[in-house]
Amino acid sequence: MTSQVRVADEVWIATALLHRQFPAERDFSVGEIVQRAKVERVTGTDALRPGVQVHAYQHCVANRPPNSGRYRMLVETAKGRRRLFRPGDPCDPGRMTGKEVPSDDEIPSEYSELIDWYRNEYIPNGADPATDPILSLFGLGQELWADEEADAYVRRLREDW
């Protein structure tokens, strides 16, 4: 099973492990993520797979334009720095439906608890992955013109311009 772990999932695991080990750190360098993947040996081999670095740099990064990979598992916080993606983070439109978190059945069982940790502790309390922070503003302030039609309200405000 471990040899079938996707490279993107391996990068997510390495990054999640870093976040758990160093909770005070906001983000990590791509080199730190790659090194953790190498030490962790998720696939059970001694050699680091060649795709790990490019996934950490590009394929898994939500706020970078997709380049074959459309994952949104990481966010670029600064040049060469990454952290796990959170709902509401900036995301390139080409990645809006990309995978954020590995599935339990796609990673070795010893890492399954990382998915629970991510959902229950890493994501801020009350964050709903399906809620877009901008779209949630829809209708805000409509009580201002509740007793008149919206266009009439705007015209009334502009009368003295």
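Reading a cavity and its salt bridges

Modeller: In this predicted model, the largest cavity holds about 30 Å³ of space, and a search of the whole structure for cavities of 30 Å³ or more finds 1.

Biologist: What makes the lining of the largest cavity divide into nonpolar, polar and charged residues?

Modeller: The lining includes Ala 37, Val 42, Thr 43 and Lys 38, and because Ala and Val count as nonpolar and Lys as charged, while Thr falls among the others, which are polar, the lining as a whole divides into 4 nonpolar, 2 polar and 4 charged residues.

Biologist: Why is the contact between Glu 100 and Arg 72 called a salt bridge?

Modeller: Their side chains meet at 2.8 Å, N to O, and the cut-off for such a nitrogen and carboxyl oxygen is 4 Å, so the pair qualifies as a salt bridge. This pair links distant parts of the chain, with Glu 100 in the loop between strand 3 and helix 4 and Arg 72 in the loop between helix 3 and strand 2, 28 residues apart.

Biologist: How do you know whether Arg 72 is buried or exposed?

Modeller: Arg 72 has 14% relative accessibility, and buried means under 20%, so Arg 72 counts as buried; Glu 100, at 17%, counts as buried too.

Methods
Residues are numbered from 1 along each chain as its sequence is written. This is a predicted model: local features need pLDDT of at least 70, side-chain atom pairs count only at pLDDT 80 or more; totals for chains, interfaces and linings use all residues. Side-chain values use heavy atoms; hydrogens and water are left out. On a 1 Å grid over the protein atoms alone, a cavity is a set of points where a 1.4 Å probe fits but cannot get out, and a pocket is an open set with protein on both sides within 12 Å along at least five of seven lines; lining residues have an atom within 4 Å of a point. Grid points are joined across faces, edges and corners, and a volume is the space filled by probe spheres set on the points. Helices (H or I, at least four residues) and strands (E, at least two) are DSSP runs, numbered from the N terminus. Buried means under 20% relative accessible area, exposed over 50%, partly exposed in between (1.4 Å probe, protein chains only).
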